[in-house]
Amino acid sequence: MIDIYGGPTPNVLKPLIALEEMGLAYQRLPVDIMKAETRTPEYLARFPAGQVPGVEFPDGRCLAQSNAIIRHLARGSALLPDDPWTQAKIDEWLFWEQYSHEPTIAVCRFHMR
């Protein structure tokens with residue numbers, strides 16, 4: 001079973017959608033950044049940058065960053081076709097979302113809370 005750490009944010013939602021689409025077993029483990037739960041020694045041992053979402057795989061490997069997570073999960077599935085050009089076009093949209101929406105919308109939302 002895959003463990004996914006994080007709260008109710010769009011960046012946590014992205015890997016959850018990928019997990020659901022692929023029918024993979026997972027459990028969601030809430031982590032509240034406002035309560036510094038990403039700064040505990042236990043969390044930082046898994047995710048040294050203290051980021052959410054974070055995913056821990058059954059073999060103990062851990063991965064942060066929503067786009068890295070969804071790309072890793074999607075390898076070999078219809079969500080990430082083998083064609084390099086198609087993968088580059090997918091990356092184009094993933095990078096655009098992180099560059100344009102993350103700093104302008106997500107950061108403002110975080111500061112308002």
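Q: How many helices and strands does the secondary structure of the protein come to?
A: This is a predicted model, where local features need pLDDT of at least 70, side-chain atom pairs count only at pLDDT 80 or more, and totals for chains, interfaces and linings use all residues. Residues are numbered from 1 along each chain as its sequence is written, and side-chain values use heavy atoms, with hydrogens and water left out. Helices (H or I, at least four residues) and strands (E, at least two) are DSSP runs, numbered from the N terminus. The protein has 4 helices and 4 strands.

Q: Which pattern does the protein follow along the sequence?
A: Read along the sequence, the elements give one pattern of α and β. That pattern is β-α-β-α-β-β-α-α.

Q: In which sense do strand S1 and strand S2 pair?
A: Two strands pair if DSSP finds at least two bridges between them. S1 covers residues 2-5 and S2 covers residues 26-29, with 4 bridges. In S2, Leu29 is the bridge partner of Tyr5. The sense is parallel.

Q: Which hand does the β-α-β unit of S1, helix H1 and S2 have?
A: Helix H1 spans residues 10-22 and forms the unit with S1 and S2. A crossover is right-handed if, with the strands pointing away from the viewer, the path from the first strand over the helix to the second runs clockwise. This unit is right-handed.

Q: Is Arg71 buried or exposed?
A: Arg71 lies in helix H3 (residues 66-74). Buried means under 20% relative accessible area, exposed over 50%, partly exposed in between (1.4 Å probe, protein chains only). The relative accessible area of Arg71 is 17%, so Arg71 is buried.

Q: With which side chain does the side chain of Arg71 make a polar contact?
A: Contact means heavy atoms within 4.5 Å. Not counting residues up to four places away in sequence, Arg71 touches Leu80, Gln87, Asp91 and Leu94. A polar contact is a pair of N or O atoms within 3.5 Å; within protein, one must be able to donate a hydrogen and the other to accept it, and residues adjacent in sequence count only if both atoms are side-chain atoms. At 2.4 Å, the partner is Asp91.

Q: What separates the C-alpha atoms of Arg61 and Arg46?
A: Arg61 lies in the loop between strand S3 (54-56) and strand S4 (62-64). The side chain of Arg61 makes a polar contact with that of Asp59 at 2.7 Å. Arg46 is 15 residues from Arg61 along the chain, and their C-alpha separation is 8.3 Å.
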